[in-house]
Each structure stands twice: as structure tokens, then as C-alpha cells.
Amino acid sequence: MCDVKFDLVDRRCVVTGASSGIGKEIARNLAYFGATVVLACRSRERGSAALQELAEDSGNDRLSLLPLDLADPESIRGFVMQVTVGGKPVHVLVNNAATYVESRRTTDAGRELTWATNALGPFALTNLLSETLADSGDARVVNLASKLAGGLALDDLDFETRRYSGVAAYKQSKQANRMLSWGLQRRIGDAVSVTACHPGGVNTRIYDNLSGLAAAGMKLARLFMKTPSEGARTPTRLAADPELGKLRAEFWIDEAPAKCRFREPAAIDALWAKCVELTQTDV
Ligand SMILES: NC(=O)c1ccc[n+]([C@@H]2O[C@H](COP(=O)([O-])OP(=O)(O)OC[C@H]3O[C@@H](n4cnc5c(N)ncnc54)[C@H](OP(=O)(O)O)[C@@H]3O)[C@@H](O)[C@H]2O)c1
């Protein structure tokens, strides 16, 4: 649990991937701060377990679970309909969920799974919620990016011609997270704070998918990584600290602003246009 406490009683927050790892700890913190928290989860089993654990832990009875599979455009649209039903506000959207896959896999729509889950899904979700966010007042979008980022190829986002590797696909998706954050901030305007962050190297299930030498190497490294609770500190502060509500298009590491090299406007616009074409969503 966070060692600081902010008052979020009037805020409604959505955390994707709240079933485990860093997302569960962000949701735990927001619940502890008194917010209404929607746990947006793919696995109903892990999501239900997290909901029960966080409700008992925080004593907050305004937590709920909604299904969301970011690799499935229909699931994203269904989630948006449910989360906004009756004109409910969304003050905080934490785009935390992500995947890492060792071998190339595709979605039903033919998209490479890492790209679909980590980049296109959050892009569509955020765009579909953008009006709600802008109308909710002092809203924040916090994107979980990574230091491990680069190699984005606009002409081969699905690794159809390039040799696939889990690391290359993950790095591409995490570069896109940052670029799309800056693109979103420009389009959504000053009413909403858009930030991205690197949570640190955090020992979570995301490393369970490694195999071979990488898995062997990481086995030891994992022992020295941050805990999920420590990894949740920066995104929690970006989502909740009243002193950080004025941040616009900033990249943070270890609870402090950091430089981001993916800020070239023309490249961001080209990526944005491609993602609009692929998701049929825009701000
Ligand atoms: N761990 C690190 O060292 C590290 C470093 C830099 C950045 N990050 C970033 O931090 C974020 C959280 O990662 P983590 O380390 O906490 O990983 P994690 O423990 O594996 O959690 C990932 C979460 O994403 C969910 N998810 C995966 N695919 C999904 C889909 N298609 N639709 C909806 N939800 C899906 C998982 O749900 P299920 O329960 O259904 O699997 C899980 O709740 C990610 O954005 C990651 O890139 C992590």
C-alpha cells in the first residue's frame, strides 16, 4: 500500500489489467484513497480474485469489475458502453494492461498480438473514452510505457516481413505508447492531463512468458527487481497526486520527469493516422 494518502473520494478511476502485477497495486492504492475504481480485466477469474482482495483490504465498497480484452475491438466497445452507461464520468484512465509473447501470434483480425494488445487496444479505448474524460473535469490519462522502447516500423507493425522476436514486438509497442501519449495530449487539449511513465524493472507475471536463455537470465535478475507495489508508485502519483494534475505530455521515471526521445511531431502524426485507420477510432 502507498505510504502517502490522497483524497480521491469524488473520482472515478479505470485501471486496465488490474488483475495482477503493477495494475493491481495501482488499483489497490486508488481504492485506499477512496476512489470509485473499475477494474478492467481480461481474466474473469483473476479479476474477481483481485476485486475481492482489494475490497477487503481497503474497506472501499465502490470497486467493480468489468470485462475487457484489449486484443478484441468488440470487447473494447462493449467495455466503453458499460463503463459510461448513464453518463457516468471517468476522471482517471490508467492504461496499464500489456502482454509479452515469445512467438508471433495474431488476433482474429490478423493483427500481431503484442501490437494489438499493447498499442492498438489502449489507443481505441482512450479515443472512445476521450469525450467522457474531457467532460468529467480535471481528468487524467496515465499510460504505462517502458524504458524498453524502440524499433517501431510503420510499414510492418504486425511483423509480417520482419523477423519476429518477443522483445522487438514489445519494444515497438512501448515506443508507440509514448508517441501516442504525446499525440493524444495535442488532440485532446488542455482539459485532460496525459502522462506516460516507466515503472522500473518490476517482478511480475509479464516475465513468465520468457523462455530459454532469457528466462534463465531473468530468473536471478527478478530477485533484484522492484516489487509490484514499488512499481505502482510513479503511476499512482501521476493518477492521484493533486500536485501533479497540471502535468501535460510528460514522461516520468521514479516519481520524477524524464527525457523522452520519441517526440518528433511528424512521426507521431504518421503513427496516429495509421492507428486511426486500423481501429476506426479518433479523438
Ligand atoms: N514489469 C516490468 O518490469 C515493467 C517494466 C516496464 C513497463 N512495464 C509495464 O507495466 C504494465 C504492467 O505490467 P506488469 O509487469 O504488471 O505485467 P503483468 O503482471 O503481466 O500484468 C499485465 C496485466 O495485463 C493484462 N492483460 C494482458 N493482456 C490483456 C488483454 N488482451 N486485455 C486486457 N488485459 C490484458 C493481464 O491480465 P490477465 O490477468 O488476464 O493476464 C494483467 O492484468 C505494462 O504496460 C508493462 O508494459 C512493466
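I started at strand 7, where Glu250 has Thr195 standing opposite. Strands here are DSSP runs of E with at least two residues, helices are runs of H or I with at least four, and both are numbered from the N terminus.

**Ground rules.** I am working with a predicted model, where local features need pLDDT of at least 70 and side-chain atom pairs count only at pLDDT 80 or more, while totals for chains, interfaces and linings use all residues. Residues are numbered from 1 along each chain as its sequence is written.

**Strands 6, 7 and 8.** I looked up how strand 6 (residues 192-198) meets strand 7 (residues 250-253): they pair in the parallel sense over four bridges. Pairing needs at least two DSSP bridges between two strands. On to strand 8 (residues 256-258), which pairs with strand 7 in the antiparallel sense over three bridges. Phe251 has Ala258 of strand 8 as its bridge partner. I then checked the turn: strands 7 and 8 form a hairpin with two residues between them, and Asp254 in that turn has a positive phi of about 50 degrees.

**The ligand.** Which residues come nearest to the ligand? Among the 28 residues around the ligand, they are Gly17, Gly21, Ser43, Ala98 and Thr204. A residue counts as near when its C-beta atom, placed from the backbone, lies within 6 Å. Helix 1 (residues 21-32) gives the most to this shell, with three residues. By class I noted 10 nonpolar, 14 polar and four charged residues in the shell. Nonpolar means Ala, Val, Leu, Ile, Met, Phe, Trp, Tyr, Cys and Pro; charged means Asp, Glu, Lys and Arg; the others, Gly among them, are polar.

**The whole chain.** I found nine helices and eight strands. The radius of gyration is 17 Å, close to the 19 Å from the globule rule for 283 residues, so the chain is as compact as a globular protein of that length. That radius is taken over C-alpha atoms, and the rule is 2.2 Å times the number of residues to the power 0.38. Along its principal axes the C-alpha trace spans about 50 × 40 × 35 Å. Of the 283 residues, 49% count as buried.

**Leu278.** My last stop was Leu278, in helix 9 (residues 265-279). Is Leu278 buried, partly exposed or exposed? Leu278 is partly exposed, because it has 19 C-beta neighbours inside 10 Å. Buried takes 20 or more other C-beta atoms within 10 Å, exposed 12 or fewer, and partly exposed falls in between, with C-beta atoms placed from the backbone. I also looked at Arg77, 201 residues from Leu278 along the chain: their C-alpha atoms are separated by 15 Å.
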